[in-house]
Amino acid sequence: MAVNRVPVLKRCRSLGLDPVYLGIDKKSTRQLRRSNRKMTEYALQLREKQKAKFIYGVLEKPFRNYYEKAARMGGMTGSNLMSMLELRLDNVIFRLGFARTRREARQIVDHKHVMVNGKQVNIPSYQVSAGDVIEIKEGKKSSQRYKDILEVTGGRLVPEWLEADQEALKGTVKEVPAREVIDVPVDEMLIVELYSK
């Protein structure tokens, strides 16, 4: 599996992204040296795509597959794409507050700690749907790891399209999120323009 080994804060700086969107509290004190040249239209589109891929931890080929699927769905392609990325199992675990970062959420799913509707799922890209119940396995709930995680994520706001019971480490997907409720600083229209060339 391909792994991005670029330091997270460095990548955030280069994309002009606040690390908070990744669940990281640290701030980089270094300033990025920007040239005075104006960015081309292509450069802006590419940066938005890289931002979305970096935030959700998706590589190029699966990201393109998401785009093609979103284009076939009907309606706004950009909104469909963002909804599909939000409904990834690793992202939902992060949003429910059962992981500090999306990378940690991915690891939790990989390590078979997650049940969807009573069945164990260990595929981070698994698409959850409205009405799905997601919970941490019974045997893992009492582990110190989740106590530590909940200490950090306890005050984090859970999006309105999810319902979380942090005591029981259980959550429900109430509905498919509309673009308006997804708080990710990505201009998906630029991604659509880039791919539709």
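I'll start with a charge and a ring: Arg-11 sits over the face of Phe-54, 5.5 Å from the ring centre. Keep in mind that what we are looking at is a predicted model.

Next, the aromatic rings. A pair of aromatic rings is described by two things, the distance of the centres and the angle of the planes. This structure has two aromatic pairs. One of them is formed by Phe-63 and Tyr-195, with 6.2 Å from centre to centre and 35° between the planes. Is that pair stacked, edge-to-face or tilted? Planes under 30 degrees apart would count as stacked and over 60 as edge-to-face, so at 35° the pair is tilted.

Where do these two residues sit in the chain? Phe-63 belongs to helix α3, residues 60-72, while Tyr-195 belongs to helix α9, residues 188-195. Phe-63 and Tyr-195 are both buried. Together with Tyr-67, they make up one aromatic cluster.

Now stay with α3 and look at its packing against helix α4, residues 77-86. The angle between α3 and α4 is about 130°, and their axes are 8 Å apart. The two helices are therefore oblique to each other. Their crossing is right-handed.

Which residues make the contact? On the α3 side they are Phe-63, Tyr-66, Tyr-67, Lys-69, Ala-70 and Ala-71. On the α4 side they are Thr-77, Asn-80, Leu-81, Met-84 and Leu-85.

Note on methods
Residues are numbered from 1 along each chain as its sequence is written. This is a predicted model: local features need pLDDT of at least 70, side-chain atom pairs count only at pLDDT 80 or more; totals for chains, interfaces and linings use all residues. Side-chain values use heavy atoms; hydrogens and water are left out. Rings of Phe, Tyr and Trp (its six-membered ring) pair if their centres lie within 6.5 Å; planes under 30 degrees apart count as stacked, over 60 as edge-to-face and the rest as tilted. Helices (H or I, at least four residues) and strands (E, at least two) are DSSP runs, numbered from the N terminus. Buried means under 20% relative accessible area, exposed over 50%, partly exposed in between (1.4 Å probe, protein chains only). A charge sits over a ring if NZ of Lys or CZ of Arg is within 6 Å of the ring centre and within 35 degrees of the ring normal. Axes are lines fitted to C-alpha atoms, for helices over the stretch in contact, and angles run from 0 to 180 degrees between N-to-C directions. Angles under 35 degrees count as roughly parallel, over 145 as roughly antiparallel, 65 to 115 as roughly perpendicular and the rest as oblique. A crossing is left-handed if the near helix is turned anticlockwise from the far one by less than a right angle, and right-handed if clockwise. Contact means heavy atoms within 4.5 Å.
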